[in-house]
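Here is a friendly walk through one protein model, with the sequence and the 3D view to hand. Let's take it piece by piece.

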Amino acid sequence: MSAAELFMNRSAKQINQICSETLEGHQRAIMGTMTVEDIYKNRAEFSEHVLTVASTDLMSMGIRVISYTINEVTDEHNYLKSLGKPRTAEVKRDADIGSAEAKRDAGIQEAEAQERAMAAVFENKITTAIAERDYM
């Protein structure tokens, strides 16, 4: 059956609905073979797999799919959002440690500079005192 015969009495909205349902059906079937983490982390691979599988069905209907993109992956229980929390906490912790280490290092450098300045002042006082003693 040709695409013209298949979609002859259908509106553009109905044709769009058929295409969407076909893509969604294949998407659900593929999702059933993957873990939630894989879907979330490998969206491009998942999307490519759906496109490859669904294109065969849609091609048989006379429709060519040019691209298929997953915009967002979400869930009702915020499980996916929670997946990123450990990494976010790790980055924040590392930033806090880096900040504390930089502050510590700056404090050490400041103390060393003050120590050198005080040593120079005392050296000058000693040199002045020796010169005054020897001059008198």
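L6 sits in helix 1, which covers residues 3-7; helices here are DSSP runs of H or I with at least four residues, numbered from the N terminus. L6 counts as partly exposed because its relative accessibility is 29%. The scale works like this: buried is under 20% relative accessible area, exposed is over 50%, and partly exposed is in between, with a 1.4 Å probe and protein chains only. Along the sequence L6 and M61 are 55 residues apart, yet their C-alpha atoms are 7.2 Å apart in space.

A word on the source: this is a predicted model, in which local features need pLDDT of at least 70 and side-chain atom pairs count only at pLDDT 80 or more, while totals for chains, interfaces and linings use all residues. Residues are numbered from 1 along each chain as its sequence is written, and side-chain values use heavy atoms, with hydrogens and water left out.

## Helix 2 and its two faces

Helix 2 takes in residues 12-31. Its 20 residues should span 28 Å at 1.5 Å a residue, and the end C-alpha atoms are 28 Å apart, so the two agree. The expected span is 1.5 Å times one less than the number of residues.

Which residues of helix 2 are buried? They are C19, T22, L23, H26 and I30. These residues lie on the same side of helix 2 because they cover an arc of only 90° around the axis, the arc being that of the directions from the helix axis to the C-beta atoms. Helix 4 (43-60) is included in what covers them. On the face turned away from the buried side, helix 2 carries the exposed residues K13 and R28.

S47 belongs to helix 4, and it counts as buried because its relative accessibility is 6%. What does S47 touch, leaving aside its neighbours within four places in sequence? The contacts are Y68, T69 and I70, where contact means heavy atoms within 4.5 Å.

T69 itself is found in the loop between helix 4 and helix 5 (79-83). With 58% relative accessibility, T69 counts as exposed. The C-alpha atoms of T69 and R43 are separated by 8.5 Å, although these residues are 26 apart along the chain.

## Salt bridges

How many salt bridges does the structure hold? There are four, each being a side-chain nitrogen of Lys or Arg within 4 Å of a carboxyl oxygen of Asp or Glu.

Among them is the pair R93 and D94, at 2.8 Å from N to O. R93 is partly exposed at 46% relative accessibility, and D94 is partly exposed at 38%. Another joins R104 to D105, at 2.9 Å from N to O; here R104 has a relative accessible area of 47% and D105 has 34%. A further bridge links D134 with R133, whose closest N and O atoms are 3.2 Å apart. Both D134 and R133 are exposed.

## A nonpolar patch on the surface

M118, V121, F122, I126 and I130 form a nonpolar surface patch with about 440 Å² of accessible area together. Patches are made of residues with over 30% relative accessible area and no salt bridge, with nonpolar side chains (Val, Leu, Ile, Met, Phe, Trp, Tyr) joined within 5 Å and like charges within 9 Å. Accessible areas come from the Shrake-Rupley method with a 1.4 Å probe, and for residues only the protein chains shown count as cover.

F122, one of the patch residues, lies in helix 6 (residues 85-135). Its relative accessibility is 45%, so F122 counts as partly exposed.
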